[in-house]
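Dear colleague,

Please find below the structure that I am handing over to you. I would be grateful if you would look through it alongside the findings that follow.

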Amino acid sequence: QGDATRFILLAVPLVTGFCLLGPSTVPLFALCALLFSVFSYFYFEEAILLMLFFLPFDMQRSIGGTFAVYADTLKVLLIPGFFLHPEYRKRLFRSKLCLVFICIFIINVLLAVPRAVEFAWTAKLLFRQFDALAFGLMIATVVRTRRQFVRVVMTIILSASVMGIYAIYQWAIGDFGSFWWWLNPENRTYLTWEGRATGALLHPNALGDFLNLGFCLAVALVLSPAVRKNRTWLLIGLAATAGGLLVSFSRAAWLAAAGGLLLALLIFADWKKIMYVCASMLIAVPVVNSIFGQDIYERISSAGRSEIGRFFLWGLSAQMFSQHPWLGVGYGNWRSYYYSFVTAYFPGAIQSADMIVVFAHNQYLQVLSESGVLGFLLFIVPMGYLAYRALRLRAPVLSLEMVILRACGIVLVSGLGYGFFDSFLDANPPSAALFWAIVGLIIAALPLVGRSFPLPGVDRVDSGRSQPA
């Protein structure tokens, strides 16, 4: 009640001043940003949840014809409220894993800025990286209680479910939909409906990547015998994200989701449940003979047909790495070196001077070609460590924190698997932010698992499978 009063006392003068000065003097976006920063100071957890829910709505939207808002940069509005809380600051600098990721980012900046070919582009990517990383570390610092873990996880699944339902709606009507055009008015000139849903995002692959993370989180919690509450809502979320994944027609997301499902089955389910899930897959047989099934078949069979496809880009990235093995060509410089390497090594592949190829469509080759062996090790070693700890850590009791930790470990592995087909941490801001949010949950859960309380009706366990008391 006291926080609400103080927030109102600060917000009223801001709104009054805006009304007196008018939108021509103070942009509406600036007012909303300031109000959100003030709100985040008094209600930081709620601000985190709001930002999580609106992650997939973060493509461009012009305001007044002069301002383009990218919600992937709006998460920096949480930083003032975060650092104004002394307890949050202490937790951040006490966490060794948080400090490791901060140091890695600083190293990346120090190596990238002096070598930038297009400084504005490199600065944009660094800011995007900082925005997503800061968001994940704030979650790692703030989330400490079981209630907070549940709220964050359910918000992620809710956001992915809304995108899945909207994607199914787009596929059903055969168009992006009026809301999408309102959200992305700048794209009318060069985007047309091609039968693949995008949700509120700009590209079907971006949707597939985002839904893959939500799907793996939902399926891991559904399969865990320790999760008994909210199972109906989890099943609804699972169905919505699975349907959205299908109509995105993203082959990479399908493979990553299948890998996440298999890993969840091996970790959480017994052989009876595995056989049950396999038997339930028989309901997909009628789909094969439908128009939708034919679309899926054509999408799978068309892999690699494009003249300038992923295999070509991967070969080009490998060539960049071979020429600059230790430090790469410089973070953000991949697109600057693209045409020179194509001309030198693949002259027959030049299509058009208007074609814009920005990323390698492979997160690992992107890192190797731009940051070399050093950057690759700084990326893969911490991620591998978190995945190993999340999936292999043993606790004397099966707590809800343990279940969430292993579910997030499955999501992390699936997200890293998707990285073999797309440079999602640079090219897809919603998925990058969600990926770092999952990393933050793992960092937050690791120190809590050993001292967690057991779930009701669950006895001591050895391998993550619950034993009914």
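Five helices each supply at least two residues of the lining of the largest cavity: helix 6 (96-112), helix 7 (119-142), helix 18 (363-392), helix 20 (424-427) and helix 21 (429-449). Helix 18 gives the most to this lining, with 10 residues. Please bear in mind that the model is predicted.

The cavity in question has a volume of about 490 Å³. Its lining is made up of 29 residues, and those closest to the centre are Ile-104, Asn-108, Gln-129, Gly-375 and Phe-379. In total, the structure holds four cavities of 30 Å³ or more.

A second topic is helix 10, which covers residues 204-223.

Finally, I would draw your attention to Val-247, which is found in helix 11 (residues 231-248). Is Val-247 buried or exposed? Its relative accessible area is 4%, and because buried means under 20%, Val-247 counts as buried. Val-247 and Leu-207 are 40 residues apart in sequence, while their C-alpha atoms lie 9.8 Å apart in space.

With kind regards

Terms used: Residues numbered from 1 in each chain as written. Predicted model: local features only at pLDDT ≥ 70, side-chain atom pairs only at ≥ 80, totals over all residues. Heavy atoms only, no water. 1 Å grid on protein atoms, 1.4 Å probe; cavity = no way out; pocket = protein on both sides within 12 Å on 5 of 7 lines; lining within 4 Å. Points joined across faces, edges and corners; volume = space filled by probe spheres on them. Helix = DSSP H or I, 4+ residues; strand = E, 2+ residues; numbered from the N terminus. Expected span 1.5 Å × (residues − 1). Buried < 20%, exposed > 50% of the residue type's maximum accessible area, 1.4 Å probe, protein only.
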